[in-house]
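These are my notebook entries on one protein chain. I set down what I looked up, entry by entry.

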Amino acid sequence: MSVKPIRVAQISDLHIKAPGKLAYRRVDTAQALSRCIGTLNRLTPAPDLVVISGDLVDTPTEQEYQHLTGLMAELKLPFAAIPGNHDSRDLMRRAFPDHAYVFPSGALNQSIELDALDLLLLDSSVPGKPHGELDGPTLEWLESQLSPSTHRPALLFLHHPPFLTGIGHMDRQNLCNAADLASIVRRHPRVQLIASGHVHRAVLTAFAGVICTICPAPNHAVALDLAEFHAPSFAVEPPAFHLHVWFPGEPYGTVVTHLVPLGEFDGPYPFFDAEGKLID
Ligand SMILES: [Fe+2]
């Protein structure tokens, strides 16, 4: 097993529009992605990979994907992307001709080996619908990917959360066949993380005995409305992304997820002076 940590940055829900268009007439999602890419490029040590967990564009159109790929050209790190409910599988295949999607048509699943770690990227999108579902071929593929090994740690990524957040209008469009995913995950204890998006907020729970996260967005957040007091709403809260760090160890190592705020901030400043004394 590798002796070095493996770092996977996850960004989610970019919602890139045509140039000059704001999301919901208010949010400059292109500017938000550029700020996000700036933060990713400044990370030291650099992540081994960036995973984009869906909703890369907004409506979706070819022009939006062209805008997206132009913005992504500034990223100095390798990246992989899976669709969300705002994406088009066909347009994504055309936008990323070099990406190793497993099926020649249908779901855009990917398997990526990062040294001692297996990443399985699952397409939970349902064309034309807001909710998510892992289709039959994707579930069979996931089982076939997890079965050959019992010892390699695996991280799963998909757009739609397989659990309820308490935000009603989002919960009604989450992963509708979460039980199918749970039964596979329970058969394979090497699954160490299930990382999703869709809700534009940092959320954490346990699902089928595994840590399960929702990654915040670089732009707007779905409003934290846990009692349906409001119509579905968004708020421009501090944007962020997730940095998942896998540390080696037995039997499967440890995954630690950091929340990385986006922007330029004061610091870092040392705690100690040149003599090693705490600065007070
Ligand atoms: Fe979504």
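This is a predicted model: local features need pLDDT of at least 70, side-chain atom pairs count only at pLDDT 80 or more; totals for chains, interfaces and linings use all residues.

The entries below go through the sheets, the helices lying across them, and a few single residues.

**Entry 1**

**Entry 1: the six-stranded sheet**

I first looked up the strand order of an open sheet of six strands. The order is E4-E5-E8-E9-E11-E10, and the pairing is mixed. I then asked which strands stand at the edges. They are E4, residues 110–114, and E10, residues 203–207. Each has a single partner strand, so one side of each is left without a neighbour in the sheet. I recorded an average twist of 20° from one strand to the next.

**Entry 2: strand E11 and its two partners**

I next examined strand E11, which covers residues 210–214. E11 pairs with E10 in the antiparallel sense, over five bridges. Two of the residue pairs I wrote down are Val 203 with Ile 214 and Leu 204 with Thr 213. I noted a general point beside these pairs: in a regular strand the side chains alternate between the two faces of the sheet.

I also looked at how the chain passes between E10 and E11. The two strands form a hairpin with two residues between them. In the turn, Ala 208 has a positive phi of about 50°.

E9 is joined to E11 by three bridges, and these two strands run parallel. Here the bridge partner of Ala 195 is Thr 213. I then asked how many of the five residues of E11 are buried. Four are buried, and E11 is thus mostly covered.

**Entry 3: helices H4 and H6**

I looked up two helices that lie across strands of this sheet. H4, residues 136–146, lies across E4, E5, E8 and E9. The direction of H4 is at about 175° to E5. H6, residues 178–187, lies across E8, E9, E10 and E11. The direction of H6 is at about 65° to E10.

I then turned to the packing of the two helices on each other. In general, two packed helices are described by the angle between their axes and the distance between the axes. For H4 and H6 the angle is about 10° and the axes are 10 Å apart. Angles under 35 degrees count as roughly parallel, and H4 and H6 are therefore roughly parallel to each other. On the H4 side the contact is made by Leu 139, Leu 142, Glu 143 and Leu 146. On the H6 side it is made by Asp 180, Leu 181, Ile 184 and Arg 187. I sorted these residues by type: five are nonpolar, three are charged and none is polar.

**Entry 4: the five-stranded sheet**

I then looked up an open sheet of five strands. Its order is E3-E2-E1-E14-E15, again with mixed pairing. The edge strands are E3, residues 79–82, and E15, residues 254–261. Each has a single partner strand, so one side of each lacks a neighbour in the sheet. The twist averages 25° from one strand to the next.

E2, residues 49–53, runs parallel to E3 and is joined to it by four bridges. Ser 53 stands opposite Ile 82 in E3. Helix H1, residues 29–42, lies across E1, E2, E14 and E15. H1 runs at about 170° to E1.

Is Gln 110 buried or exposed? Gln 110 belongs to strand E4 and is buried, with a relative accessible area of 4%. Its side chain reaches the backbone oxygen of Ala 81 at 3.4 Å. Beyond four places in sequence, the residues that Gln 110 touches include His 99, Tyr 101, Leu 120 and Trp 141.

I looked next at Leu 175, in the loop between H5 and H6. Leu 175 is buried, at a relative accessible area of 2%. Among the residues it touches are Ser 124, Leu 158, His 160 and Leu 181.

Is Val 236 buried or exposed? Val 236 lies in the loop between E13 and E14, and with a relative accessible area of 64% it is exposed. Leaving aside neighbours within four places in sequence, I found Val 236 in contact with Val 27, Asn 219 and His 220. The C-alpha atoms of Val 236 and Val 51 are separated by 23 Å, and the two residues are 185 residues apart along the chain.

Note on methods. Residues are numbered from 1 along each chain as its sequence is written. Side-chain values use heavy atoms; hydrogens and water are left out. Two strands pair if DSSP finds at least two bridges between them. Axes are lines fitted to C-alpha atoms, for helices over the stretch in contact, and angles run from 0 to 180 degrees between N-to-C directions. Contact means heavy atoms within 4.5 Å. Angles under 35 degrees count as roughly parallel, over 145 as roughly antiparallel, 65 to 115 as roughly perpendicular and the rest as oblique. Ala, Val, Leu, Ile, Met, Phe, Trp, Tyr, Cys and Pro count as nonpolar, Asp, Glu, Lys and Arg as charged, and the others, Gly among them, as polar. Buried means under 20% relative accessible area, exposed over 50%, partly exposed in between (1.4 Å probe, protein chains only). A polar contact is a pair of N or O atoms within 3.5 Å; within protein, one must be able to donate a hydrogen and the other to accept it, and residues adjacent in sequence count only if both atoms are side-chain atoms.
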